[in-house]
Amino acid sequence: MRNYLKHYINGEWIESTGSETEDVINPATEEVIGKISFGTKEDLDKAVQAARDALPAFSQTPKEERIEMLEKIAAEYERRKNDLIEVMTDELGAPLSISEKVHYKMGYSHFSQAAESLKDFSFMEQRGNHTLVKESVGVSGLITPWNFPTNQTSTKIASAFAAGSTVVLKPSELTPFAAMILAEIFDEVGVPKGVFNLVNGAGDVIGDGISSHPDIDFVSFTGSVGVGQKIMENAAKTIKNVALELGGKSPLIVLEDADLEQAARSAVTHISMNTGQVCSAATRIIVPASIKSSFEEEVKRVLPEFPVGDPRKESVVGPLVSKKQWDRVQSYIEKGIEEGATLLTGGPGKPEGLDKGYFVKPTVFSDVNNDMVIAREEIFGPVMSIITYETLDEAIEIANDTVYGLAGYVVGKDPELLRKVSTSIRAGRITINDNGKDFSAPFGGYKQSGIGREWGDFGIEEYLEKKAILGFPS
């Protein structure tokens, strides 16, 4: 049992002023694995005041000191590797291999990348007849999601630290333990008191409190569109800067010359990784009508290589995070059947032999049109929709026919067509043929997928204000 019944405020673990606690559930077993205390408005006020008090000194530290601090954090994060892997498997249900190769690795990479980006980052430059100064935005309120408890939390914190911003963090109450380990890491390496503060709690108390607090200057949120809209409304009352990374319904366009095995494997990977609980996952697979049948057969052939099961055994797909999420995904699967899509594989209910835990059958629908609910709304589970096209222009039109614009993918061989498609999809990040990862590349979306960018120097910029000084002495 992990019982974290204190908040981390001003460099100390302190008791909550409230008495409410929340059980944390292992989604693979449905068993309670620990508790957290839910913070109060008073707890949040203490955290904000600590961050406000620490801001003047921390915002003026030389960037070399912040680089050294980020490097120390990365080293201690690496030392706590096994603890992080274990906790993410327990609280999120991620298979051990995913906890290591995805969740742990991404968190580590954001701290090391922020240190690297900071080395060449200029906080003052001459432009024409003015000097441009970039300085800390101030106290940053961070509200992070349950699906990537290290990735999203680490990229926000690393960027804030790099920019000289002090932080108040509210992690998700579904997966809070990874953030508590981060607090222990910061404490161990000597992050100055008040620079990092963590208050657990409910969204309508701590989340709303952060976005409306008059002494918080900037809010960075990752989560649903609805909550993002509420944060903007709250922030508007004090004209706060906001950065939002919201939902997605990302397209994967398969070109006619694509290697079918590569295309099918890419599509299946998207709905399988993290049990499809990925905002940037490709869930609309847009395929030439001429190769639809062959592609579907390849998907059915590849899918068994991604077994569902106990995250501590040889599985690739774990459970969904909660009963609420399981019910949501089931409702969308039922909706797809009602809408007349062809159920290629999967379907309602739990996989055979997995009666306990929030497991779901990876589900592939064919004969989907882009007006169906399953093609328009974010399901956030292992559900794929196969949509066909006749011409490449039609494929691009289908890809862009969405309120979202977080990511897009294309698989094929012809360089000219790959360039055309990748530059035509209206989304913040496009990946061609699953080519590599780059933690310095910006991450964020168009349209209702959000505002602002994270990762690398683009992420650091979000935590900075820009000041123009005319007549600055040389």
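Tutor: Two strands pair if DSSP finds at least two bridges between them, and strands (E, at least two residues) and helices (H or I, at least four) are DSSP runs numbered from the N terminus. This is a predicted model, where local features need pLDDT of at least 70 and side-chain atom pairs count only at pLDDT 80 or more, while totals for chains, interfaces and linings use all residues. Residues are numbered from 1 along each chain as its sequence is written, and side-chain values use heavy atoms, with hydrogens and water left out.

Student: OK, which residue in β11 stands opposite Gly 141?

Tutor: That is Val 219; β11 (residues 218-222) runs parallel to β8, and 4 bridges join the two strands.

Student: Why is β8 described as largely enclosed?

Tutor: Because 5 of the 5 residues of β8 (residues 139-143) are buried, where buried means under 20% relative accessible area with a 1.4 Å probe and protein chains only, exposed means over 50%, and partly exposed lies in between. Val 139, Gly 141 and Ile 143 cover one side, and Ser 140 and Leu 142 the other.

Student: Switching topic, what about aromatic pairs?

Tutor: Rings of Phe, Tyr and Trp (its six-membered ring) pair if their centres lie within 6.5 Å, with planes under 30 degrees apart counted as stacked, over 60 as edge-to-face and the rest as tilted; by this rule there are 17 aromatic pairs. Tyr 77 and Tyr 104 form a stacked pair, 5.2 Å centre to centre with 25° between the planes. This pair links distant parts of the chain, since Tyr 77 belongs to helix α2 (residues 63-79) and Tyr 104 to helix α4 (residues 96-119), 27 residues apart.

Student: Are those two tyrosines, Tyr 77 and Tyr 104, buried or exposed?

Tutor: Both Tyr 77 and Tyr 104 are buried, and they belong to one aromatic cluster whose members include Trp 13, Phe 58 and Phe 196.
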